[in-house]
Amino acid sequence: MRTSFIVFPTASEAVPENDYTRSPFYRTLNGEWAFLRAERPGAEPEGFFRTGYDDSSWGVMPVPGIWELNGYGDPVYTNKPYPWYKFFEVKPPLVPHEQNYTGLYRRTVRVPADWKGRDAFIHIGSATSNVTLWVNGREVGYSEDSKLEAEFDVTRYITPGRDNLIVLRINRWCDGSYLEDQDFWRLSGIGRDCYLYARDKRRLADVRLTPDLVNDYRDGTLRAEVTATPGVGSVRLTLRDDEGRTLDTRTLRPRRNSAETLFEVAAPKQWSAEAPNLYTLTAEALAADGSVTEAAAFRVGFRKVEIRGGQLLVNGKPILIKGVNRHEMEPNTGYYVTRGEMVRDIREMKRLNINAVRTCHYPDTPLWYDLCDKYGLYVVDEANIESHGYHYRDKSKNLAGNPSFAAAHLDRNRRMVFRDYNHPSIIVWSTGNEAGNGPNFERCYDWIKSFDPSRPVQYEQASYHGDYNTDIVCPMYWSYDQCEKYLADDPAKPLIQCEYAHAMGNSLGGFKEYWDMIRREPKYQGGFIWDFADQALAWRNPEGRLTYRYGGDYNAVDASDSTFCCNGVLAADRTWHPHAYEVKHQHRPIHTTARDLEKGVVNVYNENFFTDLSPYRLLWEITSDGRPVLSGAVERLDVAPQATAAVTLGYKPEQVEALDGEVLLTVRYQLRERQGLLDALYEVAADQLVLREDDPAARFAAAAPAGTLRIADKTVSGEGFSVTFDPKSGFIRSYRLRNVELLAGPLRPSFYRAATDNDLGVRQTGKYPDSRMWAGAEPELVNFTLTSGDGGAKAVADYTIPAVGAQLRLAYVIAADGSIRIGETMTADSARKDVADLMRFGMAFETPGMFDAVEYYGRGPMENYADRSSAAFVGRYAQRVADQFHPKYASPQESGTRGGVRWWRLTDASGFGIEFCSDRHFSASAIPYAIPQLDNGSSEYVRHPGDLVPDGRTHVHIESAQSGLGCVNSWGRLPLPQYRMPYRDYVFNFMLKPVLTRK
């Protein structure tokens, strides 16, 4: 049986999805098995597979189930190295003997008596790294490839009508492990469903379906190629539409057990990720007397995939790949993922406007493709081949050119294609990942192209040197410049990065710039973000507190690549990281631009290729300095695919002219009714347009009221407030308002942030000056003056910063209302070339923890940064300090900053506190943790956010700028130049003022 399908006794029972539990000829093997882990191959107890063996002293193991998550050994995470490299020589095909634990499974299952006369099979969905099967004490067979099912014909080994003993042996490693060196948790056991099933001897052997579109993509054809076993007199094929109406029925008489036919369908509803229209083909095997011996059903999607004119086309359209890489991983169960969890993942992808998924780096369980067919995702199906840890770029040594591994390369590709061929969601085959290039992959490419001309074939390693064995240039982590260089030569192959925008930790800065280029360049058609969800594993301590573990958390001995398994758009529990909103926004299918904003007319562009905007309603709102003043809705949108229409919103020019301050228009698009997995009223896209710009300089220049001030002992006091400077540092050490101290630490310059994962990646390369020099860049006071004047008390403090050779001046003007204008000026030493980029330029201080409420007018509501702000709209937001820090990053790091701020305030529960503004838009943060607690490398750093302990203070940063985050990769790429802060002169003017009541 080459392609995977489920069989039933009659056509009326046959269903196209993998719901094999409904078949009367199915028995689950899921559940608890007796289990014993031997320490190495050959250490198994003698006779463990025999029927009379006593396994009463063994433990138990769930199937599906992972050893390391059920008390047998520690999970190991590595990216590139083989998991045994620290202990044993990597010498393919030799496999270590020590530590190669061997799992033994035993259970009995009663085989129904009415299965007598049928052929019986055992299906083991996924066994890592291999599996040997015994039935009733007799050895049946052996299988490798841990991400494709192992199926065994056990007809002559079982006895219907009684209990039968099934025994499995699985080794932690085998020679096949050399081709399974993927970047993920290295676990052992059974990761997918297992079952026993029976089939009539007169049955379908294979059904291969090839849809196509003809007549300028208007009409459809479906080629059906059927293979049957001897004894099948004919095969009846019935094609039905999505409402169950019969379109065509054919009865084929196999010759030499094979037959084929071509269905023609006029103007079918086409399948795409936008509109996953499906038909059903039922295949019935008929005996010579015309009786049905078995039936199977398949989903059919009429669609055409081709490379033409240097572009990837689906149904004749150059689609955009808004993709993500997804590992088959769950935090609680490892490799085992339930149907509900798969549907949840697809729902989150749809919510994020993701339309494509790459099965990194192996074929998924067949049910995943059924769901992608049903709900609409473009799929790159990838073979289970990666030899990253063995000279993969050295053609003289890599396994891609090793003849001993040629058959394994081809077998893994052939089995994937045989199994998954019929799924319309699969639009591209991938022959593997990070395994070098050579004859073994060329042979795989050639075979797939000859067997399946209906789909392109890609391979990342063939993308860099013009190798022929990829139809798509699908590199990893090309920078913007690398992409532009490739596109400048009018290439013959489309550019679709198989991995890009590395979403590790607080990341995805610069994602917008990728999508600006994709939308500008016709032959750059998108890519697959690395990756969908953090691969952290759930763990509860003895007190029951849940944490998420990564590499190195289980022991200090095994190989580990630390947090590098946590690169998700989502956290492991599928909550959204802040950068998920940027993904959703940049992937949005509807775009709004100005047409005639004075008259309330906007351009609405439908980026979809196959569906119009009739399912959506448009909501609009106008705000004045962040306060809503006008709103309305357009209930029906008439915009064709890839078209732009002018839409009148309904407000009048005079209504806008009457408004004060900054005036913004926000346009949102909601589903009017439930669509697939998305609920009615779900917001799919939004944009914010400027009707009148903000003027921060004018707001900052507003005069402070006059009044009487007193100066004594470095303290300036007025009606209801006092400001005290520290005589040694020159910093403000006390700010008392109505006899309440607002500072729990001095107001001091700030140049450094806790390192993000991307920052650490840059630092670890050693290519650039280390930004940590700014963590220790303590200003040394040179001169301090405090005087009174007409505008208030004035203080000037001059400093040197020896660590970086800069000069710093802090100038203060304290007014009678308690407000403080602060000018921070740094003058760089232009002769110094060894100084790292700044991480931020501003001021920092602490307040008592009772100041725990933040209200601001700026970008939000989620944290945002200079190069990751397009999804964060300007508005007024009220939040808690406890919620500013994002606790779901795998490891502590910079978090909580909000940018584009017009004004920002920190208060207690009553609204008492302080407010900041500036002569420019600035950024600010207030979190319960100090930088050393979050900065990997400091003595106070802890490995997990859940281990952080607030110190009872609120830690505040106010800054003119902070470095961008970057996303090209997490192992050395800096953010784009426009988002970096090179060592040069900087100026930041801002004002602190008291807040006595809420606005």
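What follows is a chat about cavities, cores and strands in a predicted model.

Me: How much space lies in the largest cavity?
Reply: The largest cavity holds about 220 Å³ of space. It is lined by 20 residues, and the closest to its centre are Thr128, Trp173, Glu180, Arg186 and Leu187.

Me: Nice. Which strand gives the most to that lining?
Reply: That's strand β14, residues 184-186, which gives three residues to the lining of the largest cavity.

Me: And how does the lining of the largest cavity divide into nonpolar, polar and charged?
Reply: There are nine nonpolar, seven polar and four charged residues in the lining of the largest cavity.

Me: Tell me about α10 then. Why is it largely enclosed by the rest of the structure?
Reply: Because seven of the nine residues of α10 are buried. Those buried residues are Asp757, Asn758, Asp759, Leu760, Gly761, Val762 and Arg763. Just after α10 comes Gly766, which takes a positive phi of about 75 degrees.

Me: Another helix: how many of the residues of α7 are buried?
Reply: Helix α7 covers residues 578-586, and eight of its nine residues are buried, so α7 is largely enclosed by the rest of the structure. The buried ones are Pro578, His579, Ala580, Glu582, Val583, Lys584, His585 and Gln586.

Me: What covers the buried residues of α7?
Reply: The cover includes helices α1 (339-351) and α6 (511-520), along with strands β32 (524-529), β41 (683-692) and β54 (873-880).

Me: Where does His587 lie?
Reply: His587 is in the loop between α7 and β35 (590-596).

Me: Changing topic: in the largest nonpolar core, which residues touch the most other members?
Reply: Leu618 and Leu665 do, in a core of 128 residues. Not counting residues up to four places away in sequence, the contacts of Leu618 are Val604, Gly632, Ala633, Val634, Leu637, Val647, Leu649, Val667, Arg668 and Tyr669. Apart from that core lies another, of 65 residues, among them Phe784, Ala797, Phe841 and Leu992.

Me: Strands next. Why is β55 largely enclosed by the rest of the structure?
Reply: Because ten of the ten residues of strand β55, residues 898-907, are buried.

Me: How many bridges pair β53 and β55?
Reply: Five, in the antiparallel sense, and β53 covers residues 853-860. Within that part of the structure, Val854 has Leu906 of β55 as its bridge partner.

Me: And what about β55 and β56?
Reply: They pair in the antiparallel sense too, over seven bridges, and β56 covers residues 913-927. The bridge partner of Arg898 in β56 is Ala924. The two strands form a hairpin with five residues between them, and Gly911 in the turn has a positive phi of about 95 degrees.

Me: What is the order of the open sheet of three strands?
Reply: β5-β15-β9, with antiparallel pairing. The edge strands are β5 (65-66) and β9 (127-128), each of which pairs on one side only. Two bridges join β9 to β15, residues 189-190, and Ala127 has Ile190 in β15 as its bridge partner.

Me: Last one: where is the place of Arg118?
Reply: Arg118 sits in the loop between β7 (102-110) and β8 (119-124). Not counting residues up to four places away in sequence, Arg118 touches Phe25, Thr155, Ala198, Arg199, Asp200 and Lys201. The C-alpha atoms of Arg118 and Gln807 are separated by 88 Å, and the two residues are 689 residues apart along the chain.

Key. Residues are numbered from 1 along each chain as its sequence is written. This is a predicted model: local features need pLDDT of at least 70, side-chain atom pairs count only at pLDDT 80 or more; totals for chains, interfaces and linings use all residues. Side-chain values use heavy atoms; hydrogens and water are left out. On a 1 Å grid over the protein atoms alone, a cavity is a set of points where a 1.4 Å probe fits but cannot get out, and a pocket is an open set with protein on both sides within 12 Å along at least five of seven lines; lining residues have an atom within 4 Å of a point. Grid points are joined across faces, edges and corners, and a volume is the space filled by probe spheres set on the points. Helices (H or I, at least four residues) and strands (E, at least two) are DSSP runs, numbered from the N terminus. Ala, Val, Leu, Ile, Met, Phe, Trp, Tyr, Cys and Pro count as nonpolar, Asp, Glu, Lys and Arg as charged, and the others, Gly among them, as polar. A nonpolar core is a set of buried Ala, Val, Leu, Ile, Met, Phe, Trp, Tyr and Cys residues joined through side-chain atoms within 4.5 Å. Buried means under 20% relative accessible area, exposed over 50%, partly exposed in between (1.4 Å probe, protein chains only). Contact means heavy atoms within 4.5 Å. Two strands pair if DSSP finds at least two bridges between them.
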